[in-house]
Amino acid sequence: MKRFKEFIIMFIPFLVLSILSVLWFVFNTSGDFFGGAYLLKLMLSPYLIIALFNTFVLAGVPSLLLTGVFAFLIRKKKSSIGRQKYYTYLFLISLIAPVVIVLILTRTFDIVNNTIYSLQIGLLVVFIHWVIEWIIDKCKNGKN
């Protein structure tokens, strides 16, 4: 049950941020040449998955590297600080790379869209660490 609860704690904010991101895009382009049918077609396009992957690689890989160093350095103390603090620190560290990359690569800072993007990358990085930890625990303990 603990793993499912942790998954829900990560999934619900990511889902809410994704919905906010889509709504922000729709409301900011409502008067432009994008129509509802075009947006739906774009959302269902395989190119969207490629674009999302490329977007994640740009900020997610540096964030994974930063959090990987943190996880490696704190692996012995992880049990003493507790899971909640560990994942909170991991999330805060995972926000460093997306924020820096957004500030460097964008000349105009769209605060809402870039904040949503940075939070999504942070949640994805924490989720990846959570899955890796779950797999390691499964391998160590056999059935869990």
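Me: How far apart are the closest N and O atoms of aspartate 137 and arginine 3?
Reply: This is a predicted model, where local features need pLDDT of at least 70, side-chain atom pairs count only at pLDDT 80 or more, and totals for chains, interfaces and linings use all residues. Residues are numbered from 1 along each chain as its sequence is written, and side-chain values use heavy atoms, with hydrogens and water left out. The two residues form a salt bridge (a side-chain nitrogen of Lys or Arg within 4 Å of a carboxyl oxygen of Asp or Glu). The closest N and O atoms lie at 2.5 Å.

Me: Which helices does the pair of aspartate 137 and arginine 3 link?
Reply: Helices here are DSSP runs of H or I with at least four residues, numbered from the N terminus. The partners are 134 residues apart. Aspartate 137 sits in residues 111–141 and arginine 3 in residues 2–28, that is, in helices α7 and α1.

Me: Is glutamate 133 buried or exposed?
Reply: Buried means under 20% relative accessible area, exposed over 50%, partly exposed in between (1.4 Å probe, protein chains only). Glutamate 133 has 10% relative accessibility. Therefore it counts as buried.

Me: Which residues are linked in a network of salt bridges?
Reply: Arginine 83 pairs with glutamate 6, closest N and O atoms 2.8 Å apart. Glutamate 133 also bridges to arginine 83, at 2.3 Å. The network is Glu6, Arg83 and Glu133.

Me: How many salt bridges does a search of the whole structure find?
Reply: One of them joins aspartate 137 and arginine 3. Another joins arginine 83 and glutamate 6. The search of the whole structure gives three.

Technical notes:
Helix = DSSP H or I, 4+ residues; strand = E, 2+ residues; numbered from the N terminus.
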